[in-house]
Amino acid sequence: MMKVSRFWFGAAVLTIIVFAAVALASGHGDARPMKKAILLVAFGSSEASAQVSFANIDKKVKEAYPGIPVRWAYTSHIIRAKLAKQGQMLDSAEVALAKMQDEKFTHVAVQSLHTIGGAEYHDLRRTVGAFKMMGGFERIILGYPLMSTQDDMQRTVAAILKTIPKERQTNEAVVLMGHGSHHPSNAFYAALMFQLQLEDPNIFVGTVEGYPGVDLIQELLLKKKIKKAYLMPFMSVAGDHAKNDMAGVEDDSWMSILTKAGIACIPVLKGTAEYDEFVDIWVSHIDGSLRHF
Ligand code: CO
């Protein structure tokens, strides 16, 4: 009697375990095989000169992660519309992610190619958050822009020090032109200048659309009696801002303003993403995302 009830009890427990295992397995049954992808998201540019930057990032990312499909999206509607007229179709992050969901990708590392975590990065965060809520992917992670953590800041300082023209003398200035933003993250530019000047007091960081502006940069250059300055875009691409606002012939370009103030200017028309030193920082952020898959 005792033996029989023990047998039935054992059988019942075993049945429950088997059912639970089957339930778990079938629940997992619709879990598709892991299919990873990387989505690179830039503001975008319609300038031909900017394409070298995008091509370099594309190449470096594909080299770092062979076997993981790499997709692109541009956040700027204006640029996408402009490119579409030229027959070049680029997706927004929303459309790119919807397509990837359709293609049954399960794990997506979305990488911001922005310089700071400004307005566009935060818009992208909302998009990624919405896709997370929809649940179409098992995992979707957004990687930080170029400058986010203190480690990023230090690596950015090192990248700048390595990429300034070799012929530049220490009594000559390097003036970096960042984009600038109304977003609170604009403070990263002044923070970068502070950290750069700890290493080299004649490197300056200004912005086109935020603080510090070119007026303040001019004031600082004159105070230090700088006679010559290398102007470099601190943007991923040497596009419209670099060509016109920085190095343009118009009276309000940095080149014109500083030249007028008695500072000889040498423009360097290369975006940060043309240098591996900067691209490596973005790539390391993709690494951080992929490690969570
Ligand atoms: Co702009």
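Helices α6 and α11 cross in the right-handed sense (the near helix is turned clockwise from the far one by less than a right angle). This is a predicted model, in which local features need pLDDT of at least 70 and side-chain atom pairs count only at pLDDT 80 or more, while totals for chains, interfaces and linings use all residues. Residues are numbered from 1 along each chain as its sequence is written.

Select residues 150-163 for α6 and residues 276-290 for α11; helices are DSSP runs of H or I with at least four residues, and strands are E runs of at least two, numbered from the N terminus. Their axes come within 8 Å and cross at roughly 160° (lines fitted to C-alpha atoms over the stretch in contact, with angles from 0 to 180 degrees between N-to-C directions). The two helices are therefore roughly antiparallel (an angle over 145 degrees). In contact (C-beta atoms, placed from the backbone, within 7 Å) are residues including Arg-155 and Ala-159 of α6 and Phe-278 and Ile-281 of α11.

Next, select strand β3, residues 107-112. Five of its six residues are buried, so the rest of the structure largely encloses β3 (buried: 20 or more other C-beta atoms, placed from the backbone, within 10 Å of the residue's own).

Leu-40 has Gln-111 of β3 as its bridge partner.

Note on methods. A residue is buried if 20 or more other C-beta atoms lie within 10 Å of its own, exposed if 12 or fewer, and partly exposed in between; C-beta atoms are placed from the backbone. Two strands pair if DSSP finds at least two bridges between them. Angles under 35 degrees count as roughly parallel, over 145 as roughly antiparallel, 65 to 115 as roughly perpendicular and the rest as oblique. Two residues are in contact if their C-beta atoms, placed from the backbone, lie within 7 Å.
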